[in-house]
Amino acid sequence: MSKLVLVLPVALFCLAAISAQQAPVVPPKVTPYADIPADAAKQQNPVKSSPDSIARGQKWFKLDCAMCHDENGDGKGDVAVSMKLTINDFTNPDTFKDHTDGELFYIIKNGHMPMPGEGDRIKTDQVWDIVNYVRSLAKPKAASN
Ligand code: HEC
């Protein structure tokens with residue numbers, strides 16, 4: 001009796017471990033949004049998207065982001081290719097369709113492994129400029145759609 005009490009949980013545990021191993025491998029989804037606090041996501045962008053703001057954002061993007069996201073935002077920068085990173089294409093208008101400026105701000109400010117955050121290196125308004133730039137990369141959908 002006492003033996004069974006010991007053996008049964010072990011057997012069940014092994015069974016669970018085996019079935020877990022056999023589960024199909026699902027590739028990780030590219031979704032840095034799950035951990036963003038609701039307050040941060042709701043934050044309004046105080047910097048109007050203007051040609052000036054976009055030009056300032058583009059400067060930062062070339063310096064700090066293009067090695068992964070590529071200058072045009074397609075996600076095929078040199079570092080991304082050599083690290084085999086999966087990055088969504090910013091030129092696709094669907095990429096940020098369901099996301100707020102606040103969410104983009106949070107990701108750029110805080111990063112998301114393996115993406116480094118800007119942290120305190122740049123000013124708040126400069127992060128908003130980058131948000132405006134990133135949004136400006138989306139190409140309008142083809143007229144046939
Ligand atoms: C080391 C490579 C790297 C650098 C540098 C980098 N990123 Fe990223 N970025 C990634 C990866 C990888 C992801 C998607 C994976 C993840 O975050 O889970 C990502 C995701 C994002 C997202 C969310 C994309 C989506 O699919 O919704 C935004 C916005 C973003 N990056 C902007 C920037 C900006 C702006 C900079 C520069 C300030 C930057 N990144 C610098 C690698 C990088």
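## Helix α7

Let's start with α7, which covers residues 124-136: its 13 residues reach 19 Å from the first C-alpha to the last, close to the 18 Å expected at 1.5 Å a residue. Keep in mind that we're looking at a predicted model here.

V127, W128, D129, I130, V131, N132, Y133 and V134 are the buried residues of α7. Among the elements covering them are α3 (51-64) and α6 (101-110).

## How α3 meets α7

Two packed helices are described by the angle between their axes and the distance between the axes. For α3 and α7, the angle is about 95° and the axes sit 7 Å apart. Since angles of 65 to 115 degrees count as roughly perpendicular, that makes α3 roughly perpendicular to α7.

Which residues do the meeting? On the α3 side they are S53, I54, R56, G57, Q58, W60 and F61, and on the α7 side Q126, D129, I130, N132, Y133 and S136. Sorted by class, this contact has five nonpolar, six polar and two charged residues. D129, I130, N132 and Y133 of α7 take part in it, and these four also turn up among the buried residues of the helix.

## Around the ligand

Now for the ligand. There are 23 residues around it, and P32, C65, C68, N88 and M115 come nearest. The elements that give two or more residues to this shell are α3, α4 (66-69), α6 and α7.

What is the shell made of, by class? It has 17 nonpolar residues, along with four polar and two charged ones.

## A look at H69

H69 has its place in helix α4. Is this residue buried or exposed? H69 is buried, because 24 other C-beta atoms lie within 10 Å, and 20 or more is what it takes to count as buried.

Leaving out residues up to four places away in sequence, H69 touches G75, G77, I87 and F90. As for V79, it comes 10 residues from H69 along the chain, and the C-alpha atoms of the two are separated by 8.7 Å.

## The whole protein

Stepping back, the protein has seven helices and zero strands, so from the N terminus on its elements simply run α-α-α-α-α-α-α. Buried residues make up 19% of the 145 residues.

Technical notes:
Residues numbered from 1 in each chain as written. Predicted model: local features only at pLDDT ≥ 70, side-chain atom pairs only at ≥ 80, totals over all residues. Expected span 1.5 Å × (residues − 1). Buried ≥ 20, exposed ≤ 12 C-beta atoms within 10 Å, placed from the backbone. Contact = placed C-beta atoms within 7 Å. Near = placed C-beta within 6 Å. Nonpolar A, V, L, I, M, F, W, Y, C, P; charged D, E, K, R; others polar. Axes fitted to C-alpha atoms, helices over the stretch in contact; angles between N-to-C directions. Parallel < 35°, antiparallel > 145°, perpendicular 65-115°, else oblique.
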